[in-house]
Structure formats: C-alpha cells, structure tokens
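Welcome, and thanks for taking a look at this one. Below is a short briefing to read alongside the coordinates on your screen.

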Amino acid sequence: MYKIMTPGPTQVKKNVRLARAQECTNPDLDEAFVEFYRETCQLISSLVHTYNETLILGGEGILGLEAACASLTEPGDRVLVLDNGVFGKGFADLVSIYGGVPRLYTVDDKNPIAPLALEGFLEKDHNYKYATLIHCDTPSGILNDIGTICPLLNRYGIMTVVDSVSAMFGENVRVDDYRIDILCGGSQKVVSAPPGLAFVTISDRAKEAMTARKTPIASFYANLKAFEGYYESKWFPYTMPISDIYGLRAALDNIAGDMGILARHARIGEACRKALSEAGLKLHLETGFSNTVTVFDVPQGTTAKDILRVMREEHNILLAGSFDSLSGQVIRIGHMGSNANVSDMTKTMEALDLTMDKLGIKLRCSLKEKFCEWV
Ligand SMILES: *Cc1c(COP(=O)(O)O)cnc(C)c1O
C-alpha cells in the first residue's frame with residue numbers, strides 16, 4: 001500500500017472504513033435512516049457555521065458544482081465566473097451547459113483574486129444572477145479570500161456559489177458571516193472519506209431563486225429542488241448510498257472532535273512551504289497559499305514524472321502532479337485532512353530529500369530537518 005499524500009483522495013482512517021462496513025438498512029423505507037441523513041447534514045451545517053440547510057448528494061464532488069449551476073441557472077442568465085485557476089475557469093462550462101451566459105473574470109493565477117480590483121469591475125457591471133468562486137483551486141493550491149469576496153458580491157446583489165471542496169475544514173469557512181448562497185463540498189479531500197459523495201449548503205435566498213424560476217430545472221439528478229420536503233415526506237429523490245453516508249458521518253465526527261484541526265493545517269502548511277523555499281525549491285504561487293496543499297515547480301534537470309516515480313517506487317509515497325496548463329510543471333503535496341499530521345509529513349519530506357538526491361537535484365538544506373524545525 002502507498003502512503004497517499006495527494007490533494008485528494010486523502011488517507012481514510014480506520015474508523016471511517018469500518019463505519020462503511022456497518023449493516024445496511026433500506027434507506028428508502030427505514031425512517032431511522034432519514035433521521036441519520038438529516039443529522040449528518042445538520043452536522044455539516046454546524047461545522048461551516050450556518051443555519052442554512054445542507055444536502056448530501058450521491059455523486060462525486062463535481063455533482064455539487066453541477067447541481068448548483070443546474071438549479072440556479074435559467075437560459076440567458078448572466079453569471080460571473082471568477083477565474084484564477086483550472087476549477088475557476090471550469091465553472092463557465094457548467095453555466096453554459098444549463099443555458100447561462102458566463103462572464104469570465106480572469107485574473108493572475110499566481111495570486112488570490114484581489115477584492116479591490118473586483119470591486120472596481122463590479123462598480124461598472126454587476127448585473128449577474130450569481131457568481132462562482134473557488135476557495136482553494138487545487139491544481140495550483142491558490143486560496144481565495146471568500147471572507148471578503150462573498151460579502152462584496154452580496155453588496156451588489158449577486159448570489160455566490162463557492163467551491164470549497166479542497167479547503168473546507170482545513171481552512172476556515174463561515175457560511176453565514178460570508179453570506180455564501182451555495183457552498184460545495186466533497187467527501188474525498190479534507191473530509192478524508194473515500195470519493196463518492198458531494199454536499200451542498202443552500203441559503204434561503206438560493207432556494208427562493210430556484211422556486212422563482214420561469215423554466216424547469218434541466219436535470220433530474222442535479223436538481224436540488226427535488227429534495228424539497230424530503231424530511232417531512234420521508235422520501236428521497238433517489239436511493240441514498242447508505243454505506244458512503246455512514247463513512248462520511250464517521251469522518252465528520254472525526255473533524256468535529258478535532259479542536260485543533262485548523263491550527264494544525266496552518267502549522268503544517270507553513271512549515272512545508274518554509275522547508276521547500278529554504279531548500280531552494282520554488283513555490284509555484286507568489287501569495288495566497290492554501291494550508292491544505294503545497295505546490296512547487298519541478299526543478300531544472302528533472303521531470304515531474306521522475307519525481308513522482310521515485311517517490312512511489314522507492315518510498316511508497318504518492319504525490320501528485322497537476323493537470324491542464326500545469327501538467328508536468330509542478331508537484332503537489334496534499335497535507336489536508338488525515339494527511340495533515342507531522343509524522344506522515346516528516347516521512348514525505350525525508351523521502352523528497354532522497355528523491356531529489358537520487359535525481360541529481362542539489363538542495364540547499366534537508367527538507368526533513370527544516371520541516372521539523374518549523375513545524
Ligand atoms: C476535487 C475537487 C472537486 C471535485 O472533483 P472530483 O473529481 O469530483 O473529486 C471540485 N473542486 C475542487 C476545487 C476540487 O479540488
């Protein structure tokens with residue numbers, strides 16, 4: 001087995017794996033499951049500091065993003081797509097599929113979206129139904145300041161759809177304070193359950209917008225309104241993946257009981273960045289580093305493929321390359337969720353020392369030593 005130190009999927013703890021092996025009831029007919037489902041949804045809402053309702057959807061993280069766009073977008077709606085990364089840009093496709101008119105706001109991809117510049121843009125043009133924003137754009141690891149940007153969009157009457165799949169629980173998310181209308185999460189990143197589930201937290205304003213539509217939602221599976229009244233009628237729009245939800249609940253309970261989780265992500269993220277920089281590796285971003293993933297440029301004289309291969313074959317550790325425009329250019333260390341522990345990170349740094357040495361890349365100092373010094 002490899003030690004997976006990737007920015008999703010992350011390591012799955014034993015209590016999460018065992019929770020998935022529990023005996024199953026019929027989730028359509030056993031009302032105890034409806035209670036369990038709702039309690040799990042309420043737990044997510046409390047962890048992201050909101051009174052808004054959360055729904056767990058039976059599909060990977062992407063389903064949450066698609067469900068948000070499918071449910072909000074009517075043909076001809078203008079949607080502001082904030083883009084400083086691969087996932088940021090990707091929202092334009094989802095908006096278009098459902099007939100919306102995306103307006104890409106594309107900015108520098110090595111720094112977070114600057115609220116002041118965005119405000120200048122909005123001053124001239126703010127006629128949008130909603131805006132999409134990525135909290136941590138995982139392929140580059142950039143962290144956008146949702147705590148400033150969402151309230152700003154809200155001041156201009158624009159609803160917000162935030163993808164925090166790879167940040168929430170490793171970075172602070174306060175849905176009510178930030179005025180986020182739909183927050184999207186997934187099971188396989190910081191949550192540290194296996195892939196397979198998405199969840200969305202939906203404001204009353206977003207629900208009203210879905211109700212006020214003049215055209216029907218152009219999807220069944222991605223239709224968030226299909227869940228309306230599920231608790232009262234004890235009826236889900238489709239059969240819930242019960243074992244996945246048992247596992248998710250155990251993973252969320254782990255998070256709820258982990259008081260120092262945000263501070264630990266911050267400490268490990270910072271120590272990792274400092275170690276890489278001091279050793280002479282180049283962090284891919286200039287500012288705006290997420291504490292859930294660290295991304296560095298592949299040094300001259302070797303390739304991403306070779307680094308990943310030596311880490312895998314000689315040290316049993318999986319790191320990630322990246323994709324789209326970053327393919328082959330960077331290496332990503334996912335220190336999120338269960339991966340965010342000093343012991344696994346120390347082993348990862350030590351293995352990177354040995355890997356760089358083997359590939360003939362001279363580091364200025366030992367990554368492991370520096371990491372241990374800073375962490
Ligand atoms: C992982 C991830 C998703 C979900 O992608 P899946 O392939 O469905 O897991 C969405 N947004 C971001 C930013 C992610 O990192």
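This is a predicted model: local features need pLDDT of at least 70, side-chain atom pairs count only at pLDDT 80 or more; totals for chains, interfaces and linings use all residues.

**Around the ligand**

**Polar contacts and cover**

- T138 uses its side chain here: one of its N or O atoms sits 2.3 Å from an oxygen atom of the ligand.
- I62 takes part through its backbone, with a polar atom 3.0 Å from a ligand oxygen atom.
- G61 also contributes a backbone N or O atom, which lies 3.3 Å from an oxygen atom of the ligand.
- On its own the ligand has 370 Å² of accessible area, and the protein covers 86% of that.

**Helices α13 and α14**

- Helix α13 spans residues 342-358 and helix α14 spans residues 367-374.
- Their axes are 7 Å apart, and the two helices pack at an angle of about 155°.
- Angles over 145 degrees count as roughly antiparallel, so that is how α13 runs relative to α14.
- On the α13 side, the contact involves V342, M345, T346, M349, E350, L352 and D353.
- These residues meet L367, K368, F371 and C372 of α14.
- Sorted by class, the contact between α13 and α14 has seven nonpolar residues, one polar residue and three charged residues.

Conventions
Residues are numbered from 1 along each chain as its sequence is written. Side-chain values use heavy atoms; hydrogens and water are left out. A polar contact is a pair of N or O atoms within 3.5 Å; within protein, one must be able to donate a hydrogen and the other to accept it, and residues adjacent in sequence count only if both atoms are side-chain atoms. Accessible areas come from the Shrake-Rupley method with a 1.4 Å probe; for residues, only the protein chains shown count as cover. Axes are lines fitted to C-alpha atoms, for helices over the stretch in contact, and angles run from 0 to 180 degrees between N-to-C directions. Helices (H or I, at least four residues) and strands (E, at least two) are DSSP runs, numbered from the N terminus. Angles under 35 degrees count as roughly parallel, over 145 as roughly antiparallel, 65 to 115 as roughly perpendicular and the rest as oblique. Contact means heavy atoms within 4.5 Å. Ala, Val, Leu, Ile, Met, Phe, Trp, Tyr, Cys and Pro count as nonpolar, Asp, Glu, Lys and Arg as charged, and the others, Gly among them, as polar.
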